[in-house]
Amino acid sequence: MPTRVAQIRFPMRWSQTFIPTMKEVPAEAEVPSHQLMLRAGLIRQLMAGAYTYLPLGYRSVRKVSEIVREEMDRAGAIELFMPALQPIEIFERTGRKEAFGNVLFNFEVKRGDRKLHFALGPTHEEVITDLMARHISSYRQMPITLYQIQTKFRNEERPRFGVLRTSEFIMKDAYSFGTSLQQLNEAYDAMYKAYCRIFERCGLRYLPVEAESGPIGGDASHEFMVPASNGEDFVVHCPACGYGANQERADTGRSSAIPPKVENAAAPVQVATPNAGSIDQVSKMLKADATSFVKTLIYKADGKAVAILLRGDHTANEGKIRRATKATTVELADEETIKKVTGAPVGFAGPIGIQCPYLVDHDVAAIKSAIIGANAKDAHITGVIPGTHFEITETFDLRNAESGDACPKCKAKLEIVHGIEVGHVFKLGTKYSVSMDAKFVDAQEQSHPIIMGCYGIGVTRVVASIVETCHDENGIIWPINVAPYTVQLIPLNVTDPEVMKVANRIYDELNAVGIDVLIDDRDQRPGFKFKDADLIGIPLRITVGGKGLAEGITEVKWRTESESRRISIGDTVGFVKDLIAEKRMV
RNA sequence: CGGGAUGUAGCUCAGCUUGGCUAGAGCGCUACGUUCGGGACGUAGAGGUCGCAGGUUCAAAUCCUGUCAUCCCGACCA
C-alpha cells in the first residue's frame, strides 16, 4: 500500500480560518453524515441538493481527489478537463436526452437573435467520445484511458441525506478507448484495481459487487459499495465466499424442479374476493400467508404480453425477466393489455385460462397449495397445485434475491446489506462510439467502432460515506489519509506566553516536516476546545498545557484513544512523525 | 410526481388549540468582571417584516385561502 498522501500546504490557525462548529443538531439533518458534516463545519446547504464545502470539508474533498489522481495516474490514465456546459445536440445523438429525461438539466439561452439549447453534464460519455472521434483514427493510438475530476449535474427528483445525494456533486470519471475486448478487459482490470487501492487508502470499508451489465453481459460491471445502514442500495453478499452483487443483478442459487402431476387432486375452488386486488388485501380476507399466493404480473416483453408468476411475498426483477424472455425491453403492461389477457381488471390475474404465455419462478413450483387470481373480477382460486392445475415445463429465476437465499457460488446463505454506491466500473462496448461515429482503422485498414469503458467515483459521496461510517457519539473519526488535518494542536491557555511559545514551536516544526496541522489558538476554555476537537475528528491531538509544561511534557493521543501519552516536549514532533508514518504503513 | 410533517433570533425550540399587553427561553454573539485540564458564572446589551401574499376581524405569530421553501416515506435514479 502506498504510504504517501499529498499534503495540502496551507497550515492554519483556527482563529484565522473559518470552521463554524455547532453544538446542536440542525433539525433538517437526519443521517449521521449530514448531522456531523454540518456540526463540524464541513458543509452548509445553499438549497436542497446543493452544498457549499467549507474550508475544513473542502480539504477532505481535496485529499480524496488527490488520492484518486495518484491512483489514476499510477494506473496509466491521463487527466484532462471537459466542460460542464454542453450542447443538447450531443445528448440527442446518443438518445440520452430522452433516457435521462428530467434528470438532465437543460435550458435555453438567448445569444443575439438565436436561441441556444444547453445541458449541464450529468456525465461525459458524449463529450469525450466526440473528442476522441475527432482525434483517433488508427489502432496505433490506443489503448488510452482519460479521466477528469469535475462537477456533475443531475436534477435529482429527491435530493436527500445531505451530501450523499445531491443535484450537483464532484465526480471522477474515466473513459477507456481500445481496439479489442482484450484491451477493454485490461483497462477495466486496471481501473478495478485502482479503485480498490483508492478506497483502501481512503480508509473505507467497501464491497465490490456485480452490477447490471447491460449489452455486453458477463462480468461487465461492478459497483463499489460502502456498507452503511442508511445506504439507499441493497447489496446481496455472501459471508462465506465473498460473492457480492447488487439486488438488480444478484443471482440466487436456487435450482429448477418441476413438480410431478398429482393424480386425483381435489379440484381448485373459486372464492369471492370483492374489491381485494392486492396480495395484502386478499391474504387478510382469506387469512392466508403471502407465501401461499402466486403473484401473476403481466409484462410486455418487446411489446408482447407475457405473464410472470412469482410467490406472493417476492418481488419481480426486470433484468432477469428480460433475460428469461430474451427480450430487449420489458415493462409492466398497461391496464388495457391486462384486461385483454386476463379478462379482468388489474389485481385478479392468474395462470389458469390466461390468454398469453407465462413464465414460472422456481419458488412457485414448490408451493403445495396455492391461491391465484381467477382472471375474473373479485375472484381468486384456492387449492391450486402448481404443475397439476396449470402446466409447468420449466422454471426460472425471475425475482430479486432475498436474505437467506442460497449463494449462487457456494450455496451458503446470502445476506442483504444496505450500501452507498461510491464507484462504478462499466464495460460500455461500442454503444457511444457507434452513435457518435468514433471509429479507427486496424492494421488491415478495416474500420471498427472504438471499444469503450467508463469508470466513475463520486468524490464528494466518498467524503460523506467516510463520515457516515467513521464516527462515534462525540464526532467524526477521520481516517488519517483523508482527514482535513493530520494533527490538531491545542494550547490550553493562549494567554500563557510559555504555553504559546512551546505550541508555536511545535506548530512550526510540524509544518517544516510536512505534517498538516491545525492549531486551536482560540481563547477558549479547555473543555470547549476538546469538545470541538472530538467533533471535527482530526486523527492526532497534541495538547500543550501549563501542567504538562511544568513537567516538561506534551500530551499526544489518537482521536480513537481515551488516554493520552505523555511525551517530553523536545521529542513531541519526532514522536508524532513516527506515529503517522506507522499508521500510514498499515 | 403521490403521501406525511415543519417554517417564530445565527442554532434548538416554546407561544398557535381558545385572536388581545412591549413575541419568549436555552445555546451562540457584544462589553465588563470573576473564572480557566472535557462545551464556566455574573451583570449589562445587540439581535425578529413570526417564510411570503391575500383574506376575515376593532385587533392576526395565532383563524381562512393561496403560494414558496425545507425535511421524511414512496415512485424515479446513465
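Contact here means heavy atoms within 4.5 Å. Axes are lines fitted to C-alpha atoms, for helices over the stretch in contact, and angles run from 0 to 180 degrees between N-to-C directions. Helices (H or I, at least four residues) and strands (E, at least two) are DSSP runs, numbered from the N terminus.

This is a predicted model, in which local features need pLDDT of at least 70 and side-chain atom pairs count only at pLDDT 80 or more, while totals for chains, interfaces and linings use all residues. Residues are numbered from 1 along each chain as its sequence is written, chains are lettered from A and ligands numbered from 1 in the order in which they are written, and side-chain values use heavy atoms, with hydrogens and water left out.

**Stop 1: the domains**

Colour chain A by its domain assignment: domain 1 is 58–84 + 122–251 + 417–468, domain 2 is 269–396 and domain 3 is 481–585. Such bounds come from an automatic or database domain assignment. Between the C-alpha centres of domain 2 and domain 3 there are 66 Å.

**Stop 2: a sheet of six strands**

Strands of a sheet pair through backbone hydrogen bonds, either parallel or antiparallel. In this text, two strands pair if DSSP finds at least two bridges between them. Select the open sheet with the order β1-β29-β28-β30-β31-β32; its six strands have mixed pairing. β1 (12–13) and β32 (565–568) are at the edges with a single partner strand each, so one side of each has no neighbour in the sheet. Next, pick out strand β31 (residues 553–558), which pairs with β32 in the antiparallel sense over four bridges. There, Val 556 is opposite Arg 565 of β32.

Helix α16 lies across β28, β30, β31 and β32, and runs at about 15° to β31.

**Stop 3: α13 against α16**

Two packed helices are described by the angle between their axes and the distance between the axes. Show helix α13 (residues 497–512) with helix α16 (residues 572–585): their axes come within 10 Å and cross at roughly 40°. That angle makes α13 oblique to α16. Angles under 35 degrees count as roughly parallel, over 145 as roughly antiparallel, 65 to 115 as roughly perpendicular and the rest as oblique.

Which residues make the contact? Select Ile 506, Glu 509 and Leu 510 on α13, then Thr 572, Val 573 and Val 576 on α16. By class, this contact of α13 with α16 has four nonpolar, one polar and one charged residues. Ala, Val, Leu, Ile, Met, Phe, Trp, Tyr, Cys and Pro count as nonpolar, Asp, Glu, Lys and Arg as charged, and the others, Gly among them, as polar.

**Stop 4: helix α12 and two partners**

Select helix α1 (residues 32–39) and helix α12 (residues 459–469), whose axes are 8 Å apart at an angle of about 100°. α1 and α12 are therefore roughly perpendicular to each other. Pro 32, Ser 33, Leu 36 and Met 37 of α1 meet Val 463, Ala 464, Val 467 and Glu 468 of α12. In this contact of α1 with α12, six residues are nonpolar, one is polar and one is charged.

Then show helix α2 (residues 55–74), which packs with α12 at about 115°, the axes being 9 Å apart. α2 and α12 are therefore roughly perpendicular to each other. Here Ser 60, Val 61, Val 64 and Ser 65 in α2 meet Val 459, Thr 460, Val 462, Val 463 and Ile 466 in α12. The contact of α2 with α12 divides into six nonpolar, three polar and no charged residues.

**Stop 5: a sheet of five strands**

Select the open sheet β17-β15-β16-β18-β21, where five strands have mixed pairing. Its edge strands, β17 (330–332) and β21 (395–396), each pair on one side only. Strand β15 (residues 294–301) and strand β16 (residues 304–311) run antiparallel and are joined by eight bridges. Ala 301 is opposite Lys 304 of β16. Helix α9 (residues 335–342) packs on the sheet and touches β15 and β16, with its direction at about 115° to that of β15.

Stay at strand β17 and select Glu 331. Not counting residues up to four places away in sequence, Glu 331 touches Tyr 299 and Lys 300.

**Stop 6: two backbone details**

Most residues other than glycine have a negative phi, and most peptide bonds are trans. Go to the loop between α5 (125–135) and β8 (144–153) and select Pro 143. The peptide bond from Met 142 to Pro 143 is cis, with omega near 5°. Last, select Asn 375 in the loop between β19 (370–373) and β20 (379–384). Its phi is near 55°, a positive value in a residue other than glycine.
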